[in-house]
Amino acid sequence: ITTAPIQVRQGQIARVHGFVRVPEPLAGLGSGLFLYESGAGRELADVIVHAPAWREFTLYRAAPNDGVLVVTLALHGIGEAYVDDVTVELISP
């Protein structure tokens with residue numbers, strides 16, 4: 001799942017928030033539900049392999065310069081993952 005591009009200004013903080021559930025451990029090498037945004041990329045992803053109950057997540061990322069931000073939730077591996085109520089809030093310093 002990928003969001004539409006979101007305009008950001010240098011120094012703004014993006015707060016990405018939502019809930020995920022991964023009822024059974026995902027199978028496969030390097031598997032997980034990867035939550036990341038375009039500025040930091042997969043290197044700073046929140047990776048969830050197993051979350052039997054709904055789990056809240058929050059990512060904070062600073063915009064290094066003016067441009068666009070895209071949030072991605074990507075399932076790597078075999079299994080199921082559920083995502084709910086994902087929001088992106090921009091906070092000016």
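Buried means under 20% relative accessible area, exposed means over 50%, and partly exposed is what lies in between. Keep those cut-offs handy for the exercises below, and bear in mind that the model is a predicted one.

**Exercise 1. Serine 31: buried or exposed, and what does serine 31 touch?**

Step 1. Check the accessibility. The relative accessible area of serine 31 is 11%, so the residue is buried.

Step 2. List the contacts, skipping neighbours within four places in sequence. Serine 31 is then in contact with Leu26, Val47, Val49, His76 and Gly77.

Step 3. Along the sequence, 45 residues separate serine 31 and histidine 76, yet their C-alpha atoms are 4.8 Å apart in space.

**Exercise 2. What is the secondary structure of the protein chain, and what are its overall dimensions?**

Step 1. Count the elements: zero helices and eight strands. Reading from the N terminus, that gives β-β-β-β-β-β-β-β.

Step 2. A compact globule of 93 residues would come out near 12 Å, and the protein chain has 14 Å, which agrees.

Step 3. The C-alpha trace spans about 40 × 25 × 20 Å along its principal axes.

Step 4. Look at the contacts between residues at least 6 apart in sequence: 81% of them join residues at least 24 apart.

Step 5. Finish with the surface and the charges. Of the 93 residues, 34% count as buried. The chain exposes about 5,400 Å², with carbon and sulfur atoms supplying 55% of that area. As for charge, there are 6 positive and 10 negative ones, and their mean positions are 3 Å apart.

**Exercise 3. Which residues does threonine 72 touch, and what is the relative accessibility of threonine 72?**

Step 1. Threonine 72 belongs to strand E7, residues 71-78.

Step 2. Its relative accessibility is 15%, so threonine 72 counts as buried.

Step 3. With residues up to four places away left out, threonine 72 touches Ile1, Thr2, Phe34, Leu35 and Tyr36.

**Exercise 4. Where is valine 70, and which residues does valine 70 touch?**

Step 1. Valine 70 sits in the loop between strand E6 (67-69) and E7.

Step 2. Setting aside residues up to four places away in sequence, valine 70 touches Thr2, Thr3, Pro5, Tyr36, Glu37 and Ser38.

Step 3. Follow glutamate 37: valine 70 and glutamate 37 are 33 residues apart in sequence and 5.5 Å apart in space, C-alpha to C-alpha.

Step 4. Now follow threonine 3, found in the segment before strand E1 (6-8). Threonine 3 has a relative accessible area of 24%, so it is partly exposed. Beyond residues up to four places away, threonine 3 touches Leu69, Val70 and Val71. From threonine 3 to glutamate 37, 34 residues along the chain, the C-alpha separation is 9.5 Å.

Step 5. Bring in isoleucine 6, placed in strand E1. At 21% relative accessibility, isoleucine 6 counts as partly exposed. Apart from neighbours within four places, isoleucine 6 is in contact with Gly67, Val68, Leu69, Val88 and Leu90.

**Exercise 5. What is phi of aspartate 85, and where does aspartate 85 lie?**

Step 1. Phi is near 55 degrees, a positive value in a residue other than glycine.

Step 2. Aspartate 85 lies in strand E8, residues 82-91.

Step 3. With a relative accessible area of 47%, aspartate 85 is partly exposed.

Key:
Residues are numbered from 1 along each chain as its sequence is written. This is a predicted model: local features need pLDDT of at least 70, side-chain atom pairs count only at pLDDT 80 or more; totals for chains, interfaces and linings use all residues. Side-chain values use heavy atoms; hydrogens and water are left out. Helices (H or I, at least four residues) and strands (E, at least two) are DSSP runs, numbered from the N terminus. The radius of gyration is taken over C-alpha atoms; the globule rule is 2.2 Å times the number of residues to the power 0.38. Buried means under 20% relative accessible area, exposed over 50%, partly exposed in between (1.4 Å probe, protein chains only). Contact means heavy atoms within 4.5 Å. Accessible areas come from the Shrake-Rupley method with a 1.4 Å probe; for residues, only the protein chains shown count as cover. Lys and Arg count as positive and Asp and Glu as negative; His and the chain ends are not counted. The place of a charge is taken as NZ of Lys, CZ of Arg, CG of Asp or CD of Glu.
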